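Here is a short tour for a reader new to this structure. Have the chain in view while you read.

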Amino acid sequence: MQSSLIKERLLINGQWVETEATYKIYNKYTGELFSIISMANKEIVNNAIESAVYAFKNVKFTPEERYTVLMNAADILNDRLDEIAKIISIEAGKPIKDAK
């Protein structure tokens with residue numbers, strides 16, 4: 001296993017959740033293990049749905065606040081474009097220029 005292995009957890013209701021069940025992702029080019037992703041069971045999925053429904057019903061943003069949140073998210077994605085493209089390239093076996 002390589003030292004740059006990415007281990008992903010689930011973000012549910014603002015909390016990071018690591019599960020026993022996982023899914024392994026391999027580098028399509030080298031065949032090396034690239035990432036281990038937590039997989040949700042029925043209870044975790046139901047908790048995520050309940051949290052999302054609660055947020056949808058109770059968290060209200062003005063149009064300006066929604067715009068700010070979306071623009072901040074876009075800025076973060078743009079700032080990390082090269083990093084994200086590299087991950088997509090490794091995971092999907094695509095050239096980085098296509099991943100961007």
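## Salt bridges

Asp82 and Lys100 form a salt bridge, with their closest N and O atoms 2.8 Å apart. This pair links distant parts of the chain: Asp82 lies in helix H3, Lys100 in the segment after helix H4 (96–99), 18 residues apart. A salt bridge here is a side-chain nitrogen of Lys or Arg within 4 Å of a carboxyl oxygen of Asp or Glu. Helices (H or I, at least four residues) and strands (E, at least two) are DSSP runs, numbered from the N terminus.

The model is a predicted one: local features need pLDDT of at least 70, side-chain atom pairs count only at pLDDT 80 or more, and totals for chains, interfaces and linings use all residues. Residues are numbered from 1 along each chain as its sequence is written, and side-chain values use heavy atoms, with hydrogens and water left out.

The structure holds 2 salt bridges. Arg80 and Glu83 also meet through their side chains in a salt bridge, at 2.9 Å from N to O. Side chains of opposite charge can pair when their charged atoms come close.

How exposed are these residues? The table gives the relative accessible area of each one. Buried means under 20% relative accessible area, exposed over 50%, and partly exposed in between (1.4 Å probe, protein chains only).

| Residue | Relative accessible area | Class |
|---|---|---|
| Arg80 | 41% | partly exposed |
| Asp82 | 53% | exposed |
| Glu83 | 41% | partly exposed |
| Lys100 | 53% | exposed |

## Helix H3

Which residues of H3 are buried? Ala85, Ser89 and Ile90 are buried in H3. They cover an arc of only 130 degrees around the axis, so they sit on the same side of H3. The arc is that of the directions from the helix axis to the C-beta atoms. What covers the buried residues of H3 includes S4, S5 and H4.

The length of H3 fits expectation. At 1.5 Å a residue, its 12 residues should span 16 Å, and the end C-alpha atoms are 16 Å apart, which agrees. The expected span of a helix is 1.5 Å times one less than its number of residues. Just after H3, Gly93 takes a positive phi of about 75 degrees.

## The sheet

Three strands make an open sheet in the order S1-S5-S4, and the pairing is mixed. Strand S1 (6–8) and strand S4 (22–26) stand at the edges with a single partner strand each, so one side of each has no neighbour in the sheet. From one strand to the next, the twist averages 15 degrees. Two strands pair if DSSP finds at least two bridges between them. Strands of a sheet pair through backbone hydrogen bonds, either parallel or antiparallel.

S1 and strand S5 (residues 33–38) pair in the parallel sense over 3 bridges. Lys7 has Ile36 in S5 as its bridge partner. Helix H3 (residues 81–92) packs on the sheet and touches S1, S4 and S5; its direction makes about 90 degrees with that of S4. Contact means heavy atoms within 4.5 Å. Axes are lines fitted to C-alpha atoms, for helices over the stretch in contact, and angles run from 0 to 180 degrees between N-to-C directions.

On the S4 side, 5 bridges join S4 to S5, and these strands run antiparallel. Thr22 has Ser38 in S5 as its bridge partner. Ser35 in S5 stands opposite Ile25. Ile6 also stands opposite Ser35. S4 and S5 form a hairpin with 6 residues between them. In that turn, Gly31 has a positive phi of about 80 degrees.

Is S5 enclosed or open? Of its 6 residues, 5 are buried, so S5 is largely enclosed by the rest of the structure.

Ser51 is found in helix H1 (residues 42–58). Ser51 is buried, at 14% relative accessible area. Leaving out residues up to four places away in sequence, Ser51 touches Ile12 and Asn13.

Gly14 is found in the loop between strand S2 (10–12) and strand S3 (15–17). Gly14 is exposed, with a relative accessible area of 60%. Gly14 and Ser51 are 37 residues apart in sequence and 9.3 Å apart in space, C-alpha to C-alpha.
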